Amino acid sequence: MPSWKTLGAGCLTILALVVASGGCITSFVLFAQAMEQEARPNNALIVFALTVIVGSLLVVAARAVSKDPDE
């Protein structure tokens, strides 16, 4: 049976992938709506930036959880 660290790191990695995919899809939809209205895509850029930041932090957290204490 895998250890709790492995399960935690796996869950964090899956969550990072879900956040990244959902944020990218949402950003694309907001960008398309802004182009239809001939407006600036500020909301799409904000969503994309937050997606990158949160996804990166989740990947770093998964790396920290899976790291051995000997290293």
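Against which element do the buried residues of α2 pack? They pack against α1 (4-36).

## Basis of the model

The structure is a predicted model, in which local features need pLDDT of at least 70 and side-chain atom pairs count only at pLDDT 80 or more, while totals for chains, interfaces and linings use all residues. Residues are numbered from 1 along each chain as its sequence is written, and side-chain values use heavy atoms, with hydrogens and water left out.

## Overall form

The protein contains two helices and zero strands; helices (H or I, at least four residues) and strands (E, at least two) are DSSP runs numbered from the N terminus. Its radius of gyration is 16 Å, well over the 11 Å that the globule rule gives for 71 residues, so the protein is more spread out than a compact globule. This radius is taken over C-alpha atoms, and the globule rule is 2.2 Å times the number of residues to the power 0.38. Along the principal axes, the C-alpha trace spans about 55 × 25 × 10 Å.

Buried residues account for 15% of the 71 residues, where buried means under 20% relative accessible area, exposed over 50%, and partly exposed in between (1.4 Å probe, protein chains only). The accessible surface amounts to about 5500 Å², and 70% of it belongs to carbon and sulfur atoms; these areas come from the Shrake-Rupley method with a 1.4 Å probe, and for residues only the protein chains shown count as cover. Of the contacts (heavy atoms within 4.5 Å) between residues at least 6 apart in sequence, 68% join residues at least 24 apart.

## Helix α1

The expected span is 1.5 Å times one less than the number of residues in the helix. The buried residues of α1 are Ala 9, Ala 16, Gly 23, Ser 27 and Ala 34, and their cover includes α2.

Ser 27 has a relative accessible area of 9% and is therefore buried. Not counting residues up to four places away in sequence, Ser 27 touches Ala 44, Val 47 and Phe 48. Ala 20 also belongs to α1, but is partly exposed at 29% relative accessibility. The C-alpha atoms of Ala 20 and Ala 9, eleven residues apart along the chain, are separated by 16 Å.

## The loop between the helices

Glu 38 is situated in the loop between α1 and α2. Just after α1, Glu 38 adopts a positive phi of about 55 degrees. Most residues other than glycine have a negative phi. At 76% relative accessibility, Glu 38 counts as exposed.

## Helix α2

The 25 residues of α2 should span 36 Å at 1.5 Å a residue, in agreement with the 36 Å between its end C-alpha atoms. Its buried residues are Ala 44, Thr 51, Gly 55, Leu 58 and Ala 62.

Thr 51 lies within α2 (residues 42-66) and is buried, with a relative accessible area of 9%. Leaving aside neighbours within four places in sequence, Thr 51 is in contact with Val 19, Ala 20, Gly 23 and Cys 24.
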